[in-house]
Amino acid sequence: MSNILVVNGPNLNLLGKREPSIYGNKSLEELNDHLKNLASELKLNLQFFQSNSEGDIIDYIHNNGFDANGMIINPGAFTHYSYAIRDAVSAVGIITVEVHLSNIYDREEFRKKSVIAPVCSGSIVGFGYYGYAMALSYFADNKHKDKDE
Ligand code: DQA
């Protein structure tokens, strides 16, 4: 079965409480539960991780990325400046979808640049938690691209 990592970066543990007009009312736990339900219908296995620390995110990608079939990553504010997370994504070389709840192109200038996007297969921005579900739908339809399928 396809094994997909779902990695969320800093401040995303505050989903639901944090600026709900931008990031929505669902908590991270509710989002993950929703994704778990979808994944069981789509026959995908999800592995969830959230951290506020750049190094922990990098270690997680190193330790789990090589054995996974794909990754969904919302790097939070690290999106805009973490070359180290970019290099970790690039190093493991799996299909990676960058997701942002908000439309980063319609916000402050500093958010308009993602240093992670160029090493991802694609990005989904501005659709709230649906962005993660859209990424799952991609992985469900592309299992034939898995190394072990
Ligand atoms: C975010 C956008 C980032 O600019 C911000 O720092 C976040 C969340 C999003 O999902 O819209 O923490 O990644």
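Modeller: The structure is a predicted model.

Colleague: What does valine 99 touch?

Modeller: Leaving aside residues up to four places away in sequence, valine 99 touches Ile72, Ile73, Asn74, Ile124, Gly131, Tyr132 and Ala135.

Colleague: What makes E4 a mostly covered strand?

Modeller: Five of the six residues of E4 are buried. E4 also runs parallel to E3, joined to it by four bridges. Methionine 71 stands opposite threonine 96 in E4.

Colleague: Which residues of helix H4 are buried?

Modeller: In H4 (residues 83-92), Ile85, Ala88, Val89 and Val92 are buried.

Colleague: How do you know that they lie on the same side of H4?

Modeller: Their arc around the axis is only 100°, which places them on the same side of H4. In general, an α-helix has 3.6 residues a turn, so residues three or four places apart point the same way. The buried residues of H4 pack against helix H3 (54-65), strand E3 (70-74) and strand E4 (95-100).

Colleague: What does the face turned away from the buried side of H4 carry?

Modeller: That face carries the exposed residues Tyr83 and Asp87. Just after H4, glycine 93 has a positive phi of about 65°.

Colleague: Why is the pair of phenylalanine 78 and tyrosine 81 called edge-to-face?

Modeller: The ring centres of phenylalanine 78 and tyrosine 81 are 5.8 Å apart, and their planes stand at 70°. Rings pair if their centres lie within 6.5 Å, and planes over 60 degrees apart count as edge-to-face.

Colleague: Why is phenylalanine 78 called buried?

Modeller: Its relative accessible area is 8%, and buried means under 20%; phenylalanine 78 is therefore buried.

Colleague: What makes tyrosine 138 and phenylalanine 139 an edge-to-face pair?

Modeller: Their ring centres are 5.6 Å apart and their planes stand at 75°, so this pair is edge-to-face. Phenylalanine 139 is buried, with a relative accessible area of 5%. Tyrosine 138, at 32%, counts as partly exposed, because that class lies between 20% and 50%.

Colleague: How do you know that the charged end of lysine 26 sits over the ring of tyrosine 129?

Modeller: The charged end of lysine 26 is 4.4 Å from the centre of that ring, and the rule asks for a distance within 6 Å together with a direction within 35 degrees of the ring normal.

Colleague: Which phi value does asparagine 11 have, and where is asparagine 11 found?

Modeller: Its phi is near 70°, a positive value in a residue other than glycine. Asparagine 11 is found in the loop between E1 and helix H1 (20-23). Glutamate 19 is likewise found in the loop between E1 and H1, with a positive phi near 35°.

Colleague: Why is glutamate 19 called partly exposed?

Modeller: Glutamate 19 has a relative accessible area of 43%, which falls between 20% and 50%, so the residue is partly exposed. Asparagine 11, at 36%, also counts as partly exposed.

Definitions and conventions
Residues numbered from 1 in each chain as written. Predicted model: local features only at pLDDT ≥ 70, side-chain atom pairs only at ≥ 80, totals over all residues. Heavy atoms only, no water. Buried < 20%, exposed > 50% of the residue type's maximum accessible area, 1.4 Å probe, protein only. Helix = DSSP H or I, 4+ residues; strand = E, 2+ residues; numbered from the N terminus. Arc of directions from axis to C-beta. Contact = heavy atoms within 4.5 Å. Phe/Tyr/Trp six-rings, centres within 6.5 Å; stacked < 30°, edge-to-face > 60°. Pairing = 2+ DSSP bridges.
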